[in-house]
Amino acid sequence: MNRVCLAIETSCDDTSVALVESRGRNAPEGSDRYGFVIGLKSQNQDSVHLPFGGVIPELACRNHTMRLLPLIDQLFKESKWSWEKVSGIAVTSKPGLVGALLVGVTVAKTLALLHDLPLVGVNHLEGHLHAPLLRDAEYRPKDDFTYPFVGLCVSGGHTSLYEVQDFGKYRLLGRTVDDAAGEAFDKFGKILGLGYPAGAKVDSLAKNGDPKAFLFPRAFMKKGDLQFSFSGLKTSGALKIKELGSALGEKQIADLCASYQEAIVDILIEKLGRALNKTGLKRAVITGGVSANSRLRLRASEEFSKLKMDLLIPPLRYCTDNAAMIGLVGLKRLERGENDSQRLKPEAFMKISELV
């Protein structure tokens, strides 16, 4: 019998809740990889943090506190679901802004007590790695896509490569030694005066630009390892903007965005290809906020298709921080008989190689 999990995600500045059903409707018989999203409700805080050019932790916490319970009520109402049909509660417990995590964990523990339901804490990165395996009325990954696979998790706070051997079995292959790719996008856009969040605006402007107009560095491309570095790229981008100064026009801004974006995409695709070669695997996922980037999605789909590699990139609603991915991982843990006590605590950090 399928289980249904209420999931809560408040690791940064997105408040998100979801109802996820185990295995998923119309999934292959005996498959335990998938999860069907019954309902997903998310609210970002872009307008709240826009005046500050970045996320202010105290404001993020306050807004989670105000929005979370009403969002859960709205989810149940719109999904026409009842608490009697819920099997457990999953909540992001690490890593993230500790205050933001605390809001979600506290609400999850309270609801678990109130409705006498098992509770499970979920690692945010593990959620991202499984986001491509979600299903809904409009999105269905390939039925034969299974473990093991290589996962590229790329966002504002993380850029890491994992060998996902099975659920709960992960091997870190490489990570950024300094900045994350999403941070590199946002900082570049901020210097250009594109506002917050800037990553999506860089992507949009780049569509009208020439990716070969400016040459930006691609770190570690001559080395055989799988590490990433974006600090040099950030510095180069900032210096080029300063150099052009008042000469910056609409066309040059578009060219800058396209060239800068191309450097990041080149790095990500090259390192993912190396990871596939190193592991000998033929399946990969690209996930996390930066997987919403249109250039990355296009280039990756084209290049890995030529290499006859199976590649999954989730739809945009599952790229950014969302509760559906937390619900899928939570269900898998609940089905294994795992659960956390009321002593579950939020953790801002985790060990480099830790996922669970």
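The structure is a predicted model, in which local features need pLDDT of at least 70 and side-chain atom pairs count only at pLDDT 80 or more, while totals for chains, interfaces and linings use all residues. Residues are numbered from 1 along each chain as its sequence is written, and side-chain values use heavy atoms, with hydrogens and water left out.

Tyr147 belongs to a cluster in which ring pairs link Phe145, Tyr147 and Phe149. Rings of Phe, Tyr and Trp (its six-membered ring) are taken as a pair if their centres lie within 6.5 Å; planes under 30 degrees apart are called stacked, over 60 degrees edge-to-face, and the rest tilted. Seven aromatic pairs are found in the whole structure. One of them joins Phe145 and Phe149, whose centres lie 5.5 Å apart with 45 degrees between the planes, a tilted arrangement. The pair of Tyr147 and Phe149 is stacked because the planes stand at 15 degrees, with 5.7 Å between the ring centres. Phe149 has a relative accessible area of 1% and is buried, and Phe145 is buried as well.

A charge sits over a ring if NZ of Lys or CZ of Arg is within 6 Å of the ring centre and within 35 degrees of the ring normal. The charged end of Lys271 is placed over the ring of Phe228, 5.3 Å from the ring centre. Lys332 lies over the face of Phe167, with 5.4 Å to the ring centre.

The overall fold was then described. The protein chain contains ten helices and eleven strands; helices (H or I, at least four residues) and strands (E, at least two residues) are DSSP runs numbered from the N terminus. For 356 residues, a compact globule would have a radius of gyration near 21 Å, and the 20 Å of the protein chain agrees with this. The radius is taken over C-alpha atoms, and the globule rule is 2.2 Å times the number of residues to the power 0.38. The C-alpha trace spans about 65 × 45 × 35 Å along its principal axes. Of the 356 residues, 54% count as buried. Among contacts (heavy atoms within 4.5 Å) between residues at least 6 apart in sequence, 75% join residues at least 24 apart.

Six strands form an open sheet with mixed pairing, in the order E5-E4-E1-E2-E3-E6. Strands E5 (119–123) and E6 each have a single partner strand and stand at the edges, so one side of each is left without a neighbour in the sheet. Two strands pair if DSSP finds at least two bridges between them. Strand E1 (residues 4–9) is joined to E2 by six bridges in the antiparallel sense, and here Cys5 stands opposite Val20 in E2. Strand E2 (residues 15–22) is also antiparallel to strand E3 (residues 35–43), with eight bridges between these two strands; Ser16 faces Ser42 in E3. By contrast, E3 and strand E6 (residues 134–135) run parallel and are joined by two bridges, with Leu134 of E6 as the bridge partner of Gly35.

No disulfides are present; a disulfide is a pair of cysteine sulfur atoms within 2.5 Å. The sulfur of Cys12 is 9.8 Å from the closest cysteine sulfur, that of Cys61, which is too far for a bond. Cys12 is partly exposed, at 23% relative accessibility. The closest cysteine sulfur to that of Cys153 belongs to Cys319, at 11 Å, again too far for a bond. Cys153 is buried, at 1% relative accessibility.

Several backbone features lie in loops. The peptide bond from Lys94 to Pro95 is cis, with omega near -25 degrees, and Pro95 is located between strand E4 (88–94) and helix H3 (98–115). Tyr196 and Pro197 are also joined by a cis peptide bond, with omega about -10 degrees; Pro197 occupies the loop between helix H5 (181–191) and helix H6 (199–206). Asp116, a residue other than glycine, has a positive phi near 55 degrees. Asp116 lies in the loop between H3 and E5 and is exposed, with a relative accessible area of 70%. Phe220 likewise is not a glycine and has a positive phi of about 65 degrees. Phe220 is found in the loop between H6 and helix H7 (231–244) and is partly exposed, with a relative accessible area of 25%.

How values were computed:
Buried means under 20% relative accessible area, exposed over 50%, partly exposed in between (1.4 Å probe, protein chains only).
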